[in-house]
Amino acid sequence: MSLFLHQIWRNVALHQYRTQDLRKSLNDSLEGDIRDFLINEAELHTYDDLTKVNPVTPSTVLKCLQARYSAKVFYTHAGCTLVALNPFQPIPHLYSLDVMREYHTAPQPQEFKPHIFIVAEEAYRNVQGQVEPINQSLVVSGESGAGKTWTSRCLMKYYATVATSSQKCQDTVEKIERRVLDSNPVMEAFGNACTLRNSNSSRFGKYIQLQLNGSQLLVGASVQTYLLEKTRVAFQAPTERNFHIFYQMMKGATEKQRLEWMLPSEQDFAWLPHAEKTLEGLLQLGNVYFSPASEEAQPCDLDGHSKAADLLQVPLDELQSCLTVRTLLAGKQSVLKPCSQSECGVRRDCLAKVIYAQLFDWLVTFINNSMCADSSMWCNFIGLLDVYGFECFLLNNLEQLCINYANEKLQQHFVAHYLKAQQEEYVTEGLQWSFIRYQDNQGCLDLIEGSPSSIFSLLNEECRLNRVSDAKQFRVRLQKELSDNTSISWDKLSKEPHFTVAHYAGNVSYQIEGMMEKNKDPVPPEIISVLQKSQDSLLHSLFADGDRESEGSRGHSKVVTVVSKFKNSLESLMKILHSTTPHYTRCIKPNPDCRPLTFKKEEVIAQLEACGIVETINISAAGFPIRIPYGSFLQRYGLIANTRLTARMNRANTHVSLTGPEMSDQAVLGSAVEDVLNLVLKRRAPNSTLSPDDNNSLVHCGRTKVFLTHSLLEMLEEHRNRVCSQKAFCIQCCWRRYQTRQRNLRTQAATRLQAVVRSWLVRREIKKWHKAASIIQTTWRRWRAWMDALAEAELDDAEDFMENEASSVLPKLDPLLKERGSVQLSSIQEPVLVRGWPIGLAMASAPSVTVSLTATGFQRIMSMMACLKSPFRHGGYKVKTNQFDQGVASIRAQPRGSIKMHLQRSPLLYADMHPVHKTDVVTGFNQILLERT
Ligand SMILES: Nc1ncnc2c1ncn2[C@@H]1O[C@H](COP(=O)(O)OP(=O)(O)OP(=O)(O)O)[C@@H](O)[C@H]1O
């Protein structure tokens, strides 16, 4: 009994295990199945738009980008954004003049493969179309080395080419176009540097305005720059370099210039790291060293400043004092105070930075003056914004805060634009739905720039207080004022004063130390006044107008801090962006090492987050991330409502062919889709329907597509699975029934066949038996008759024979027998008549049960053959039985001795055969013989 129970338990367990296993494998296959339905992974590289991958998730988007990158397709749309992957190798055919012309002349460039030229052409056509807002902005963003500068260059070349091709006054345009293009290397020389992340990294943001006249021809351009990294002049991170211009000057200077600029080729410069041996530096200032003064009240001693003073053409002693002595204002009295060695160093760096920044601004103004068209000449513009991407390093300070703030601003603008685009698609599809649930990054922006309290406002306040800044105090202040905002937090374990901001692209921790100083960006007034005294006309003009507010010249209330300046310029930029039609290009760096055609998933996903693509995905998810055309929907889920899809489709097609417009087709399909959705929704909540007021947060039927949330997709899948397993069960039952029926039919047919064959065989056998029996009967009767006749005739002839024949034969045989004891018949020359006993007589006269002929050998055979009247050497001889030897007078006489007959084989043809295998039935001749024995 226990064994039996154990067996049952084992079977149940096995069954459960198998069921689980089956369910798991079913689930696995189902997941793959849905994936295959929503998106064909093998075809991922063919998706030109990331928002078309289903479902729109970071992982599918990433897979799609990777597949395209492997297939050497570098541009992909992401809704209203273009994603540009950096190939890190020249792809000349992608940017050739022919390709530019192809995109420019195409009736529908959007139908071409995604390309930066589509963005350029779209913007250009928008200006041509004069649809409000006519002015366009091309926003190119991405992290350092992602390809922003490359992309901006491509865009400028495109417009230059397009403008040239359709320009009548070639000369003017070529001039402008040349100037626009030629300004790039100059700007890059002054504003770019070799960094760890990019060997030609732009250390400033720029907005280039390409000015177009009424005929949409390029007539001028202007550049605005943002946040130049001027600290690089005096400080470079290990293994990084100073701005390119210094190295270029050192490398390219002629002997004459070297003499003029005091650049001996052997000289090393502290501010020019990683220069080749032959290179020298321009910045003699960097080689000015300070040694502590012998007395505390005395300023530091200087070394190497004379060359700098000569080059800057400022009085040597004034340069020395401005670097080593500070002027303090005490009421109307000014007091001179010697600076410490480190303060001297800060002042020296400040001098270099302020000169470089002013020079850079001057350069930009110069370029603008040479490119900018008169305002009367142009009416529209295409703006090109190349800004730093989101930054998050180990140590982040004010620069990163400003950059990330700018990115937050742009992200907000982008999100608003993207939401608008999404909303427009919903409207086109007839959906009454809005993204009211979507939370944008306003909270984070309020934290950084809001009023009355924000990071910027508190930083500015701190600077205006004109006191020595204390990082710890500032942190306490931040905590007190801003702790209500959820976008700011503090790491309690960190000892360094800091704050962490939750940006849209991730959390960034900013160190407070040094932030206030950077915000003040103080320029000692002594430095400005020295520079104003420069004999160098350029340097003099840079500072002569006194534009630059120095520490001393401004009242504390008027302090213009870095963040307030940056905020102002950003606000004016945002105003421009808001007044234009934006086009976003997100440049992605596929690997940190700038290796050609190498795709690192972790790198890319981080950038997708930082450039807002993941946010785009979130926005999609906040709406209806899954959009399925009616036809595809019904193909997969039609079975839920048992919808006769093909019938409806056929009907729809008939409508189309008859009526032309596709709407009737869509309407028919739409009603079938609604049937399916209603069924699923009813199961979830019996009273729910697909009315616009009900369930509209889950699903919407547009004009051509169904818009679904993830949860409704899951419900649909669940329903489909249930219906599928019911159908599968039904199919199994039918199949089994069919199989059983087939098996029965086969068995019946086989039995019938067997019966037919058996009866045919039996009939055939019986026929044979009948034939054999009649032959036997006939033969038997004939034989009996013949025997009777023979017996009669023999009886009549016996006496005559004895008298005539015996007397003639015997004498012939007698001597032979006497001589040999036996007779060789062949030796008898004359024919011998052998007369055998009629078998009937022989048998009848047999004295015992065993019949045996006394004749032996050949004689016996002959006798038998004769008895049976079988021909044996016809007419050759006659055989006499031994009865004659014994002097038989009459055949009627009883033969003496025993007669034995051994017949091993019947001479009759069918004697051994019997129709049924019955051992007890013996017929024919054998029967006769047996009857006799
Ligand atoms: N489309 C492209 N085809 C070929 N090479 C490219 C392409 N885009 C970028 N590159 C390569 O990548 C390098 C870095 O690009 P780029 O200087 O434009 O980056 P960036 O985003 O402007 O960086 P940063 O912010 O540091 O200035 C280029 O020097 C170039 O070699």
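Modeller: We can begin with a pair of helices: Glu 318, Leu 319 and Cys 322 of H10 are in contact with Glu 526, Ile 527 and Val 530 of H17. Contact here means C-beta atoms, placed from the backbone, within 7 Å. Helices (H or I, at least four residues) and strands (E, at least two) are DSSP runs, numbered from the N terminus.

Colleague: How do the residues of that contact divide by class?

Modeller: The contact of H10 with H17 has four nonpolar, no polar and two charged residues. Ala, Val, Leu, Ile, Met, Phe, Trp, Tyr, Cys and Pro count as nonpolar, Asp, Glu, Lys and Arg as charged, and the others, Gly among them, as polar.

Colleague: Before we go on, what sort of model is this, and how are residues numbered?

Modeller: This is a predicted model, in which local features need pLDDT of at least 70 and side-chain atom pairs count only at pLDDT 80 or more, while totals for chains, interfaces and linings use all residues. Residues are numbered from 1 along each chain as its sequence is written.

Colleague: Back to the helices, then. At what angle do the axes of H10 and H17 cross?

Modeller: The axes of H10 (residues 316-324) and H17 cross at roughly 165° and come within 8 Å of each other. That makes H10 roughly antiparallel to H17. Axes are lines fitted to C-alpha atoms, for helices over the stretch in contact, with angles running from 0 to 180 degrees between N-to-C directions. Angles under 35 degrees count as roughly parallel, over 145 as roughly antiparallel, 65 to 115 as roughly perpendicular and the rest as oblique.

Colleague: Is the crossing of H10 and H17 left-handed or right-handed?

Modeller: The crossing of H10 and H17 is left-handed; that is, the near helix is turned anticlockwise from the far one by less than a right angle, whereas clockwise would be right-handed.

Colleague: What about H17 and H18? At what angle do they pack?

Modeller: H17 (residues 525-532) packs on H18 (residues 537-544) at about 135°, and their axes are 8 Å apart. The two helices are therefore oblique to each other. H17 contributes Ile 528, Leu 531 and Gln 532 to the contact, and H18 contributes Leu 539, His 540, Phe 543 and Ala 544. By class, these are five nonpolar, two polar and no charged residues.

Colleague: Changing topic: which residues come nearest to the ligand?

Modeller: Ser 144, Gly 147, Thr 149, Ser 201 and Ser 202 come nearest, out of 19 residues around the ligand. A residue counts as near if its C-beta atom, placed from the backbone, lies within 6 Å. Helix H5 (148-165) and strand S5 (201-202) are the elements that give two or more residues to this shell. H5 gives the most, with three residues.

Colleague: And the classes in the shell around the ligand?

Modeller: The shell has seven nonpolar, 11 polar and one charged residues.

Colleague: Now the sheets. In what order do the seven strands run?

Modeller: They form an open sheet in the order S1-S2-S16-S3-S12-S6-S7, with mixed pairing. Two strands pair if DSSP finds at least two bridges between them. S1 (75-78) and S7 (218-226) are at the edges with a single partner strand each, so one side of each has no neighbour in the sheet. The twist averages 20° from one strand to the next.

Colleague: How many bridges join S6 to S12?

Modeller: Seven bridges join S6 (residues 205-212) to S12 (residues 380-386), and the two run antiparallel. Gln 209 stands opposite Gly 383 in S12. Helix H19 (residues 562-578) packs on this sheet, touching S3 (136-141), S6, S7, S12 and S16 (581-588), and its direction makes about 125° with that of S3.

Colleague: What is the order of the three-stranded sheet?

Modeller: That open sheet has the order S13-S14-S15 with antiparallel pairing. S13 (488-489) and S15 (506-511) stand at its edges, each with a single partner strand, so one side of each is left without a neighbour in the sheet. Six bridges join S14 (residues 498-503) to S15, and Phe 499 has Tyr 510 in S15 as its bridge partner. H12 (residues 398-428) lies across S14 and S15, running at about 150° to S15.

Colleague: Lastly, where is the cis peptide bond?

Modeller: The bond from Ser 451 to Pro 452 is cis, with omega near 5°. Pro 452 lies in the loop between H13 (442-449) and H14 (455-464).

Key
Two residues are in contact if their C-beta atoms, placed from the backbone, lie within 7 Å.
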